[in-house]
Amino acid sequence: MAQRAVWLVSHEPGTPLCGTVRFSRRFPTVEKRAKVFNGTSYVPIPEDGPFLKSLLFELRLLDEDKDFMESRDSCSRINKTSVYGLKVGGEELWPVVAFLKNGIVYACVPLVEQTLSPRPALISISAISQGFELLFGIQDFLYSSQRMDTELNTKLSQLPDLLLQACPFGTVLDANLQNSLDSINFASVTHPQKQPAWKAGTYKGKPQVSISITEKVKSMQYDKQDIADTWQVVGTVTCKCDLEGIMPNVTISLSLPTNGSPLQDILVHPCVTSLDSAILTSSSIDTMDDSAFSGPYKFPFTPPLESFNLCYYTSQVPVPPILGFYQIKEEEAQLKITVNLKLHESVKNNFEFCEAHIPFYNRGPITHVEYKVSFGQLEVFREKSLLIWIIGQKFPKSMEISLSGTITFGAKSHDKQPFDHICIAGTAYLKIGN
């Protein structure tokens, strides 16, 4: 389990290359092992220049790459894993772990200890998980307290020495780089209990556990009797555990509300130590299976110091919380829109906030808006071609609200205006947040 190379690339739209390699590190000993393991399917690590161009192309971050390209954008190339194959010098470098955060692309190439033809399953490549752990550790280190570019440059200059401590010879020992920095600057502190390599240190203070649950409802409503509406809930449980001790054990139990729908497609964090098999086998794909596990859902784990996502899940609810109707009619440079929203009676009419985002893609800036709302306020973001309907903390007593209006757009500029391949002509969507 090792990494062949690591890169940090700053994304700079508008520049000739659209990016700059701010940091790169190769591990020659790991590269020799890759050549042995991969055999005839071995692809060498490229120089920074070709790698930069291929990476930004694959991530759709080049200014000139807004047009559809079948080799990258076809349905067969839909990527949900942040693991890519890069075309370099007529060959494909795979697997490449990469993601964009705060204007920086974090990337690495994990070592695959077998031939790459045929490609092994991602779950069988343990170095990919270590690659993510290392990149997230670098991200946390760079932006833990960084406020100015000078601080970022200082931290980037410290990376070579820190990786010698945290990732010697490409093997991740401690993804928390601040811990490595402390070991360089100060004398090491002895602990009565052995400190695991993946945990940076220990917490001292008042013990507390914070839990938050975020759910998003994805819904397609057709307003037609011959086409059934579809919807699904996607949830995330986030935890932050401030507990004393080297390896504290925590168990969180989630119970469904009365008449609540069972959780399905559950994915847990690697720190979860054990799990009921019934939880893992509950899947939304098998519609004929009526034996879904209904809880309670218990997650025993040894928490890391930082905030983390304990689990992800999906759920099938009887009805969407908000029913909607969204219609667009295009007349030359104008759009006539009609939006009707209705809060379902089963949903509590009380929110911290509720607003509807109505974006318009592939058009110029908004130059004029005439509208009428039955409830709430409408904000217009002209340059972003965006309307935000601020509903507030509750719906009116009727539970129904409406918005209608006419929107005029100016000349279109691909460089500045929102662009999307799907939302063309009358294809659009509305996003509700609360």
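How many cavities of 30 Å³ or more does the structure hold? There are three. A cavity here is a set of points on a 1 Å grid over the protein atoms alone where a 1.4 Å probe fits but cannot get out; points are joined across faces, edges and corners, and a volume is the space filled by probe spheres set on them.

Before selecting anything, note that this is a predicted model, in which local features need pLDDT of at least 70, side-chain atom pairs count only at pLDDT 80 or more, and totals for chains, interfaces and linings use all residues. Residues are numbered from 1 along each chain as its sequence is written, and side-chain values use heavy atoms, leaving out hydrogens and water.

**First stop: the largest cavity.** Its volume is about 70 Å³. Select its lining (residues with an atom within 4 Å of a point), which includes Ile328, Leu335, Phe360, Arg363 and Tyr429.

**Second stop: valine 317.** You will find valine 317 in the loop between strand S11 (308-315) and strand S12 (322-331); strands are DSSP runs of E, at least two residues, numbered from the N terminus. Next, show Trp231, Val233 and Ser261: valine 317 contacts them (heavy atoms within 4.5 Å), leaving aside neighbours within four places in sequence. Finally, pick glycine 260, 57 residues from valine 317 in sequence but 7.8 Å away in space, C-alpha to C-alpha.

Note on methods. On a 1 Å grid over the protein atoms alone, a cavity is a set of points where a 1.4 Å probe fits but cannot get out, and a pocket is an open set with protein on both sides within 12 Å along at least five of seven lines; lining residues have an atom within 4 Å of a point. Helices (H or I, at least four residues) and strands (E, at least two) are DSSP runs, numbered from the N terminus.
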